[in-house]
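Hi,

Here is the structure I said I would pass on.

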Amino acid sequence: MMKLKLFFGLLMTVMTLPLMGQSKFVVVKDGHFEKAGKPYYFVGTNFWYGAILGSEGQGGNRQRLCQELDLMKQMGIDNLRILVGSDGERGVTTKVEPTLQVAPGVYNDTILAGLDFLMQEMGKRQMVAVLYLNNSWEWSGGYGFYLQHAGAGKAPRPNEDGYPAFMNFVAQYATNQNAHELFYDYVRFILTRTNRYTGLAYKDDPAIMSWQIGNEPRAFSKEVLPAFEKWLAEASALMRELDPNHLISIGSEGAWGCEEDYGCWERICTDPNIDYCNIHLWPYNWSWARQDHLIEDLPQAKANTKDYIDRHLAICEKIKKPLVMEEFGFPRDDFKFALGTPTKGRDSFYEYVFSLVNNNAEQGGYFAGCNFWGWGGLAQPKHAEQWQVGDDYTGDPAQEAQGLNSVFAGDASTLQVIKSQIERMKK
């Protein structure tokens with residue numbers, strides 16, 4: 001009997017192991033993603049607030065989190081781009097809270113528990129996360145937080161001092177080694193953690209697709225581009241050393257985030273520790289579509305979108321790495337943010353972007369996926385102009401109009417566009 005039990009135990013172990021040559025992680029082979037041994041092309045979303053929602057402290061709502069994940073999974077969305085946690089003090093207008101890293105090396109355990117719970121629930125649903133660790137923008141701390149604690153002074157607030165003042169300040173980050181070291185300490189802490197619910201070390205969790213250096217890391221100055229490239233190389237090397245199992249990505253906007261220098265973008269993507277390439281794209285923010293002419297300007301926005309993707313795709317074909325457009329959005333019609341307002345322009349733009357991914361997938365090309373910004377799901381925004389403490393989290397961070405770029409559960413036409421394109425992709 002003991003031998004029989006041992007036999008069946010060994011049999012079950014063998015049955016649950018990955019097939020020979022098949023990784024349990026998302027991998028890149030010959031310039032293309034593979035998941036469970038099959039080509040992986042995807043339509044995903046941005047769900048930056050997932051770890052906060054998974055907590056049991058301020059802002060936490062595990063019931064809503066599970067409902068959101070179920071809704072996304074039902075639609076076929078299985079790739080979520082998520083903020084690990086925000087940095088700095090609470091009570092700062094336009095910044096995400098509660099924060100994870102209150103001061104360098106001082107962590108809010110409720111958010112860590114939220115991240116652990118989120119990863120557990122995503123794993124149950126066979127969803128994968130792209131987890132970004134830094135941010136060049138003010139809404140989650142990032143650059144400004146590290147510079148302040150490295151002795152560079154307090155970062156200007158864009159809502160008070162304007163974005164030029166803020167960008168001039170954070171341009172110091174690329175050359176501030178003390179700020180980098182504070183960030184590297186954070187990277188070490190996060191990447192070497194073990195999930196309290198699953199018992200899995202983060203480096204062993206197949207629910208993670210990629211560690212990402214940051215959200216839209218920029219140099220903010222042509223003069224510091226070499227230092228910027230050096231920092232990204234150092235960060236990716238450290239991440240590879242700490243976790244050899246997962247993919248590593250940058251979180252770049254593309255040439256737009258490299259001071260319009262396509263050569264810089266090619267160099268940072270060519271780094272051997274970077275597994276795939278990212279671009280972001282914002283037609284309204286980049287003046288490709290005017291606030292009062294969103295529908296009329298769609299043809300030009302689509303043409304510019306195709307050109308921007310193609311220019312980066314040519315580089316990906318050259319260096320043989322997949323491309324993901326992991327952020328893109330389009331405002332609601334007439335710049336109205338309230339739930340239930342029309343999304344004709346957004347639907348058309350989404351459908352166009354998804355079709356580019358689908359056409360590429362059918363040809364086995366390098367344009368591998370996209371993540372629309374962002375998932376608002378079941379949220380009921382209370383303040384249109386910007387998020388306030390106690391409000392539901394939406395796809396729009398604290399500094400933005402709530403509903404501007406969010407896709408809510410009631411946006412039936414947009415959800416149908418997303419679902420139909422995913423179904424086409426899986427045929």
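Before the helix pair, one definition: an axis here is a line fitted to C-alpha atoms, for helices over the stretch in contact, and angles run from 0 to 180 degrees between N-to-C directions. Also, please keep in mind that this is a predicted model.

With that in hand, take helix α10 (residues 262-270) and helix α11 (residues 298-319): their axes come within 11 Å and cross at roughly 40 degrees. Angles under 35 degrees would count as roughly parallel and 65 to 115 as roughly perpendicular, so α10 is oblique to α11. The crossing of α10 past α11 is right-handed. On the α10 side, the contact is made by Y262, W265, E266, C269 and T270. From α11 come Y308, R311, H312, I315, C316, K318 and I319. By type, the residues of this contact split into seven nonpolar, two polar and three charged.

Now the sheet. Eight strands make up an open sheet, with parallel pairing, in the order β10-β9-β8-β5-β4-β13-β12-β11. At the edges sit β10 (247-249) and β11 (277-281), each of which pairs on one side only. From one strand to the next, the twist averages 25 degrees. Helix α4 packs on this sheet and touches β5 (79-83), β8 and β9 (208-212), and its direction makes about 155 degrees with that of β8.

Where does R125 lie? You'll find R125 in the loop between α4 (109-124) and β8 (128-132). Its relative accessibility is 15%, and the cut-off for buried is under 20%, so R125 counts as buried. Apart from neighbours within four places in sequence, R125 is in contact with C66, L69, D70 and K73.

The other one is M239, in helix α9 (residues 225-242). With 0% relative accessibility, M239 counts as buried too. Leaving out neighbours within four places in sequence, M239 is in contact with L133, V187, L191, W211, Q212, I213 and I248. One of these, W211, is 28 residues away from M239 along the chain, yet the C-alpha atoms of the two are separated by 7.8 Å.

Cheers

Methods
Residues numbered from 1 in each chain as written. Predicted model: local features only at pLDDT ≥ 70, side-chain atom pairs only at ≥ 80, totals over all residues. Heavy atoms only, no water. Helix = DSSP H or I, 4+ residues; strand = E, 2+ residues; numbered from the N terminus. Parallel < 35°, antiparallel > 145°, perpendicular 65-115°, else oblique. Left-handed = near helix turned anticlockwise from the far one by under 90°. Contact = heavy atoms within 4.5 Å. Nonpolar A, V, L, I, M, F, W, Y, C, P; charged D, E, K, R; others polar. Buried < 20%, exposed > 50% of the residue type's maximum accessible area, 1.4 Å probe, protein only. Pairing = 2+ DSSP bridges.
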